[in-house]
Amino acid sequence: MSVGGNHNDRLLIDAVALERRVALVQGDRLCRLWIDRGGPARFDIHLGRISKILPEMAAAMVALDGLGDGLLPFDRYDGPLHEGQWVLVQISRLGFEDKGVKLTGRIAIEGVGMILRPGGKLIELPRKLKDPQQRADLLAVVKAVQADDDGIMLRSTAMEWDRDAVVGEYRLLKSQWQKAVAALARPQRPTLVFKAQPELDQLIERHLMSGRECIVDGVDEFVRLRGILKARGQSDGHLVRHAATRLLFEDQDVEAALANALASRVDLAGGAWIAMDQATALCAIDVNAGGADAGRDSESRAIDVNLLAADEIVHQIRLRNIGGLIIIDPLRMKSRAGRDKFDAAIKAAFGAELDGAVQIGGFTRLGLYEFSRQRAGESLEARILSKPAETPLSGVSALNAVLRKLVSDARNGAGGMLKLYVSPDISRRLANQADAIQILTKAFGAVPEIITDSSCQNDQYRLEKN
């Protein structure tokens, strides 16, 4: 998960409901959107118990605390495995859609300035550190603190650290590992022994530390991020609190861009458009000329529209977080030169992702263009929309949508003794969500009287004066 290096990038953080939404905007274009609802994080360390050996998959199933069983490949664990065995494992891939959690027994504990790999032996210094004397001094500090053949990889943020900072970071990470080892020595039940910092929080902190603009809608989140900057001696001039009556995502047109990112049709300049169809097995994308440059010769027209589509296709794939097999049906191009230009445009748009995340297959005999992209969690569509056709939003998305609208109502003057009419599902969720009630209390000063109304759709409500 990477923000990118454009200094004009800005993060917009919507933290007024139970979920936190983070948008990356470059110029005036929404490029990525993440939705955080808490739960397990990649790199969490668990004390688990082998529930089943799967020889046909060369893996074992591991019972975990608060999660479904995770999959531990044999080649990701040093030593034999058997049913009933207690093991220390780390989440290497979060579960999503119909895929469960994937685990590894090769632990890596991440800190601010270093990564500790127990038993890993190797010491790695930042590649950015070029000065020979500085490298030698830093290596001597790390070697002096290294114990138990630990592997230590220093991040570039530790390049200017003094000895005390390096020692302090190492001891902190080592204590986390010792806590895990102690749990393994006295196992009683599957336990989460180390809670890793979520990748989204790491992304936000990297963005803040680089001095790029970050706008936050939500007092608690703003205070938390300002505290991080002050703790590290950084200026908070680029951290902005959004306090307008309109919600941040509405004010910055992110809601409209998000709606477009959930649509199957994406319009291009000149009347052309692309259609995107996400299925379980693959994502199919069709390029359509529409009325673009009608009257031109077909080959030139096809090449120009396809090149225009190539950049937008890659943009939409990233924004929608689409992974797996992707098939594009571009406008038919007779010339080899046209197909080569399209191939080059797709590769240029993906850039650094070609180093591992994206594998290009190229054109097929039928004129289709195919590639695969590594899955990185749920797609945006799966994160927001529910699978049943009768309701457009999943229950948790509908609850957050209602909470956001209510906060907006409160900011625009709604108050006093109120009655809130909601669907049966939202009424039930509110009854079971103390955090949601707290949000309503903060917004209105007192909780409205919640009334179940079966005529309301899941993301609809009615607010009336008592």
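Predicted model: local features only at pLDDT ≥ 70, side-chain atom pairs only at ≥ 80, totals over all residues.
How far is the sulfur of Cys31 from the closest cysteine sulfur? The distance is 16 Å, to Cys214, which is too far for a bond. Residues are numbered from 1 along each chain as its sequence is written, and side-chain values use heavy atoms, with hydrogens and water left out.

Zero disulfides were found, a disulfide being a pair of cysteine sulfur atoms within 2.5 Å. The sulfur of Cys283 is likewise too far for a bond, at 18 Å from its closest cysteine sulfur, in Cys31. Cys31 is buried, at 12% relative accessibility. Cys283 is buried too, at 2%. Here buried means under 20% relative accessible area, exposed means over 50%, and partly exposed lies in between (1.4 Å probe, protein chains only).

Charged pairs were examined next. A search of the whole structure gives 35 salt bridges. A salt bridge is a side-chain nitrogen of Lys or Arg within 4 Å of a carboxyl oxygen of Asp or Glu. One of them joins Glu205 to Arg232, with the closest N and O atoms 2.8 Å apart. Glu205 sits in helix H3 (residues 199-209), whereas Arg232 sits in the loop between helix H4 (219-231) and strand S15 (239-241), so this pair ties together parts 27 residues apart in sequence. Helices (H or I, at least four residues) and strands (E, at least two) are DSSP runs, numbered from the N terminus. Glu205 is buried, with a relative accessible area of 12%. Arg232 is partly exposed, at 36%.

Two further salt bridges lie within helices. Asp340 pairs with Arg336, the closest N and O atoms being 3.2 Å apart. Both residues belong to helix H8 (residues 336-350), where they are four residues apart, or about one helical turn. Asp340 is partly exposed, with a relative accessible area of 42%. Arg336 is exposed, at 58%. In helix H11 (residues 424-431), Asp425 and Arg429 are also four residues apart, about one turn of the helix. Their salt bridge brings the closest N and O atoms to 2.9 Å. Asp425 is buried at 14% relative accessibility, and Arg429 is partly exposed at 30%. Elsewhere, salt bridges with shared partners connect Asp14, Glu19, Arg21, Arg37, Glu255 and Arg404 in one network.

An open sheet was also identified. Its six strands run in the order S16-S17-S18-S19-S21-S20, with mixed pairing. Strands of a sheet pair through backbone hydrogen bonds, either parallel or antiparallel. Two strands count as paired if DSSP finds at least two bridges between them. Strand S16 (265-267) and strand S20 (358-363) form the edges; each has a single partner strand, so one side of each has no neighbour in the sheet. From one strand to the next, the twist averages 20°. S16 pairs with strand S17 (residues 273-278) in the antiparallel sense, over three bridges. Arg265 has Ala275 of S17 as its bridge partner.

Helices pack on this sheet. Helix H7 (residues 298-319) touches S16, S17, strand S18 (282-288), strand S19 (324-329) and strand S21 (369-373), and its direction makes about 150° with that of S18. Axes are lines fitted to C-alpha atoms, for helices over the stretch in contact, and angles run from 0 to 180 degrees between N-to-C directions. Contact means heavy atoms within 4.5 Å. H8 lies across S19, S20 and S21, and runs at about 170° to S20.

Buried positions were then examined in helix H6 (residues 254-261), where Val254, Leu258 and Ala261 are buried. Viewed down the axis of H6, its buried residues fall within an arc of 55°, so they line one face of the helix. The arc is that of the directions from the helix axis to the C-beta atoms. The cover over these buried residues includes strand S1 (10-14), strand S2 (20-26), strand S3 (29-36), helix H5 (248-251), H7 and helix H9 (380-384).

His46 has a relative accessible area of 2%. Not counting residues up to four places away in sequence, the contacts of His46 are Leu64, Asp65, Leu67, Val87, Leu88, Val89, Ile91, Thr191, Leu192 and Val193.
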